[in-house]
Amino acid sequence: MVQSMPDVSPTKWHLAHTTWFFETFVLERFAPGYTSFDPSYRYLFNSYYNAVGERHPRPERGLLSRPPLDEVLAYRARITSDVEELLASGTPADADDLVELGIHHEQQHQELILTDVKHVFSRSPLRPAYAPHAAAVGAESPSLSWIAFPGGLRTIGHPGQGFHYDNEAPRHRVFLQAFELASRAVTCGEYLGFVADGGYARSELWLSDGWDAVQRNRWNAPLYWECRDGEWWAHTLSGMRPVDRAEPVCHVSYYEADAFARWSGARLPFEAEWEAASASVSLDGNFVESGAFHPRPARGSGLQQMFGDVWEWTASAYSPYPGFRPEGGAVGEYNGKFMVNQLVLRGGSCATPASHIRRTYRNFFPAEARWQFSGIRLAR
């Protein structure tokens, strides 16, 4: 039930909230004569759905000492059984759609549990490990090269068949100038060059808001990095270990990604560029199923690491596509109401389930966020 900052939710809360989603949006609507497991849960485990009612304040989720874990697990078992019974009895298409949405929603929270546990453990002086599956240290990373893509009209957005979130649609045309993408994500070794060159002390490299964030938060390196006797170490889900220069740098904010790109004489890609380029590679990557729970060095040649390893910041504001319409009812609050003051990230991370990601998937976070597995790919 530990909550180490307002953006982090306790694992127990994640377990209850994903269950609450199925109870609130599926069972209450479609199960005849459904009786709530506990009416107080409607308030305790609502995240941000104003149409559903009042909710417990997000920064105070760590104060929910009750219900205890065994009751939350009993809640999950009961709701799972009820949903299975409902599905077995035959359900209308809109109920099936909500069950599918709930499954993808749970996948999102599986990733959040890992990122949140990592932050929680980082705040402990003992620096406990979540799992002993640390990636190997010492591997080499291929030299960065540039992959060229022609300009012209491109079509982006989800084509409509199969599951997707409403913010991925409608499919539409965009005009791109000719551009180049870096062949792989920026490595820790390359980012160490930025740090050593005084990157965090050079205001000319930073957006105004970013420079304010550096001063306010006293940033001098990515989140989880520590300098010990002149050497950089990083907290991982496998505990503390030396920074591996070959791995993709992660846990950087948009501001840091943008400043590094400027220092490098490059920029961050626009999300339309990223999506158009991704059509040339497969959806394979280092996802949560690898068990590494950490980014791995790139391998091979050509365009690499577009999927998995680290979420890649883009230079695109999270805004609606032309013709976007949110879903009706409370589930319409899922994505649409966050389309301000956020930047888009693409590609998934080492904590993302492989079956959850798509070329059109639009993740989004505020520019200052660092606790997700967020990294950098350069463009020019």
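Thr115 counts as buried because its relative accessibility is 0%; buried means under 20% relative accessible area, exposed over 50% and partly exposed in between, with a 1.4 Å probe and protein chains only. A word on where such values come from: this is a predicted model, in which local features need pLDDT of at least 70, side-chain atom pairs count only at pLDDT 80 or more, and totals for chains, interfaces and linings use all residues. Residues are numbered from 1 along each chain as its sequence is written, and side-chain values use heavy atoms, with hydrogens and water left out.

Back to Thr115, which sits in helix H4 (residues 93-122). Helices (H or I, at least four residues) and strands (E, at least two) are DSSP runs, numbered from the N terminus. A polar atom of the Thr115 side chain lies 3.0 Å from the backbone oxygen of Leu112. That is a polar contact, meaning a pair of N or O atoms within 3.5 Å; within protein, one must be able to donate a hydrogen and the other to accept it, and residues adjacent in sequence count only if both atoms are side-chain atoms. Setting aside neighbours within four places in sequence, Thr115 is in contact (heavy atoms within 4.5 Å) with Tyr224, Trp371, Gln372 and Phe373.

On a 1 Å grid over the protein atoms alone, a pocket is an open set of points with protein on both sides within 12 Å along at least five of seven lines, a cavity is a set where a 1.4 Å probe fits but cannot get out, and lining residues have an atom within 4 Å of a point. Grid points are joined across faces, edges and corners, and a volume is the space filled by probe spheres set on the points. The largest pocket holds about 790 Å³. It has 31 lining residues, and those closest to its centre are Tyr48, Arg58, Leu112, Phe364 and Phe365. By class, the lining has 12 nonpolar, 13 polar and 6 charged residues; here Ala, Val, Leu, Ile, Met, Phe, Trp, Tyr, Cys and Pro count as nonpolar, Asp, Glu, Lys and Arg as charged, and the others, Gly among them, as polar.

The second largest pocket has about 480 Å³ of space. Among its 18 lining residues, Met5, His119, Trp219, Leu223 and Arg370 are the closest to the centre. H4 and strand E5 (225-228) each bring at least two residues to this lining, which splits into 8 nonpolar, 4 polar and 6 charged.

The largest cavity takes up about 130 Å³, and of its 18 lining residues, Trp225, Ala234, Glu247, Cys250 and His294 come closest to the centre. Strand E6 (231-236) gives the most to this lining, with 3 residues, and E7 also supplies at least two. The lining divides into 10 nonpolar, 4 polar and 4 charged residues. The second largest cavity, about 40 Å³, is lined by Met1, Pro10, Lys12, Trp13, Phe45, Arg61 and Leu64, with 5 nonpolar, no polar and 2 charged residues.

Next, the sheet that includes E10. Four strands form an open sheet in the order E10-E9-E8-E11, with mixed pairing. Strand E10 (363-365) and strand E11 (374-375) are at the edges with a single partner strand each, so one side of each has no neighbour in the sheet. Two strands pair if DSSP finds at least two bridges between them. Strand E8 (residues 311-317) and strand E9 (residues 343-346) pair in the antiparallel sense over 3 bridges, and Ala317 has Leu343 in E9 as its bridge partner.

Arg245 is in the loop between strand E7 (239-242) and helix H7 (254-263), and it counts as exposed because its relative accessibility is 53%. Beyond four places in sequence, Arg245 touches Thr187, Cys188, Gly189 and Leu192.

Leu144 belongs to the loop between H4 and strand E1 (146-149). Is Leu144 buried, exposed or partly exposed? At 27% relative accessibility, Leu144 counts as partly exposed. Its contacts, leaving aside neighbours within four places in sequence, are Ala182, Ser183, Arg184 and Glu190.
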